[in-house]
Amino acid sequence: MTLGVNIDHVAVLREARRVNDPDILQALYVACENGAQQITIHLREDRRHIQDDDVKNILMHSKVPVNLECSINREILDIVSELKPHRATLVPEKREEVTTEGGLDVFTHENEISYAIEQLHDALIPVSLFVDPTIEAMERSKELGAEMVELHTGAFSNIYAMLNSSLPYSNHSVKELELSRSTLSTKLEESIEQIKLSAIHAKKLGLEVAAGHGLNYQNVHEMVKIQEISELNIGQTIIARSVFTGLAEAIQEMKRATRR
């Protein structure tokens, strides 16, 4: 299983004080030397963390493939097409959101996504679509011409955290999931099954399958069990753990957790 390490949150810390510390390139080097098989970054429209120069420098210096997440905004697509990452992952994006709040709507925005895929393919860039784990989304992703899908695991991760962590007792409790433990257990099983069935269907369609969003050291084993998933993209939990262990150990620990 390929581990893609998302280093956006290193840039979040840097931008909080508008200095060059922590250095995103140092994070890149540490990640590459400690088991990252891919670097994932998100060039957002509002540039809240990763900047254009970051993308250029990371592409220039990375020893492993770079997966560049981006919206279907025309200006962003032009930049991505020029920079030519190893892969582009199309994601939904809202200016006001804290993080990506769901999969790309491959039905409502079909024409825009089709245009984006065509432009990226013209630039010889393979495309992955970050979508919710449904059979319908797998089929539409294939029809649109993507080579890969990344299953949005946010719903699964929220349910898991509400059932197995202190999240319900924090200020960040997920209100709609403040349910009985038996109900949460059932929802968790259903969520895992939905991800598994979507991964199986995507693989049958000839799509490569990745997964990501909210995955951490506690819940990632559930994704590792699904053989059709060949790649995980994980960021926030690794950077959070690195505060206490250092980035090298945090990545190595995740590598061990994702080993089959």
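How many of the five residues of strand β7 are buried? In this predicted model, four of them are, so β7, which spans residues 208-212, is largely enclosed by the rest of the structure.

Let's see which strands pair with β7. Strand β6 (residues 148-152) runs parallel to β7 and is joined to it by five bridges.

Now turn to helix α3, residues 52-61, where Asp54, Val55, Ile58 and Leu59 are buried. These residues lie on the same side of α3 because they cover an arc of only 125° around the axis. Among the elements that cover them are α1 (8-17), α2 (24-33), β2 (38-42), β3 (66-70) and α4 (74-83). On the face turned away from that buried side, you will find the exposed residues Asp53 and Met60.

The structure has one aromatic pair. It is formed by phenylalanine 156 and tyrosine 160, and it counts as tilted because the ring planes meet at 55°, with the centres 6.0 Å apart. Both phenylalanine 156 and tyrosine 160 are buried. They sit four residues apart in helix α7 (residues 154-164), which means that about one helical turn separates them.

Two other tyrosines have an arginine over the ring face: arginine 74 lies over tyrosine 115, 3.6 Å from the ring centre, and arginine 241 lies over tyrosine 217, at 4.0 Å from the ring centre.

Conventions. Residues are numbered from 1 along each chain as its sequence is written. This is a predicted model: local features need pLDDT of at least 70, side-chain atom pairs count only at pLDDT 80 or more; totals for chains, interfaces and linings use all residues. Side-chain values use heavy atoms; hydrogens and water are left out. Buried means under 20% relative accessible area, exposed over 50%, partly exposed in between (1.4 Å probe, protein chains only). Helices (H or I, at least four residues) and strands (E, at least two) are DSSP runs, numbered from the N terminus. The arc is that of the directions from the helix axis to the C-beta atoms. Contact means heavy atoms within 4.5 Å. Two strands pair if DSSP finds at least two bridges between them. Rings of Phe, Tyr and Trp (its six-membered ring) pair if their centres lie within 6.5 Å; planes under 30 degrees apart count as stacked, over 60 as edge-to-face and the rest as tilted. A charge sits over a ring if NZ of Lys or CZ of Arg is within 6 Å of the ring centre and within 35 degrees of the ring normal.
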